[in-house]
Amino acid sequence: MAAYKARLKAFEDTLNNERIDLKTLRKLCFNGCPFEHGYRSTCWKILLNYLPLDVSQWKEILEKQRKLYTHFVHEMIVEPGTKASAGSQADDHPLNPNPDSNWGAFFKDNDMLLQIDKDCR
């Protein structure tokens with residue numbers, strides 16, 4: 001138990017510095033990261049370059065990443081039953097029966113090419 005507490009103390013000392021020593025963190029993480037105090041998730045974020053080694057930049061980077069993720073969700077995820085925004089092309093798909101559809105024009109061109117091909121033969 002004393003060894004585990006010493007290990008937790010080593011993680012605490014390493015992660016509470018103003019600048020993380022990557023070499024020391026890698027050595028500590030080699031035998032596994034403890035769950036306590038969020039050390040495991042913090043270590044993974046640092047080791048995967050999601051967070052910089054300079055702790056003073058973490059707040060700014062995390063805010064930026066959260067905004068980026070929120071933007072991604074709003075752009076990519078369409079909730080069932082809701083219509084896409086007016087400028088979106090989400091309603092324009094190959095099975096759209098609307099003759100003004102971009103896909104309708106594409107398939108009309110294909111029909112014309114098929115007719116030319118038939119006429120030439």
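**Helix α1 and the setting of T14**

In this predicted model, T14 is found in helix α1, which runs over residues 2–15. The helix comprises 14 residues and extends 20 Å from its first C-alpha to its last, close to the 20 Å expected at 1.5 Å a residue. Seen down the axis of α1, the buried residues fall within an arc of 125°, so they line one face of the helix; these buried positions are L8, F11, T14 and L15. On the other side of α1, by contrast, A2, A3 and K5 are exposed. The cover over the buried residues of α1 includes α2 (22–29) and α3 (39–47).

T14 itself has a relative accessible area of 7% and therefore counts as buried, the cut-off being under 20%. The side chain of T14 reaches the backbone oxygen of A10 at a distance of 2.8 Å. When neighbours within four places in sequence are left aside, T14 is in contact with I20, D21, T24, L25 and L28.

A search of the whole structure returns 1 salt bridge. K9 forms a salt bridge with D13, in which the closest N and O atoms are 3.1 Å apart. Because K9 and D13 are 4 residues apart in helix α1, about one helical turn separates them. K9 is partly exposed, with a relative accessible area of 43%, and D13, at 38% relative accessibility, is likewise classed as partly exposed.

Terms used. Residues numbered from 1 in each chain as written. Predicted model: local features only at pLDDT ≥ 70, side-chain atom pairs only at ≥ 80, totals over all residues. Heavy atoms only, no water. Helix = DSSP H or I, 4+ residues; strand = E, 2+ residues; numbered from the N terminus. Buried < 20%, exposed > 50% of the residue type's maximum accessible area, 1.4 Å probe, protein only. Polar contact = N/O pair within 3.5 Å; in protein donor to acceptor, adjacent residues only side chain to side chain. Contact = heavy atoms within 4.5 Å. Expected span 1.5 Å × (residues − 1). Arc of directions from axis to C-beta. Salt bridge = Lys/Arg side-chain N within 4 Å of Asp/Glu carboxyl O.
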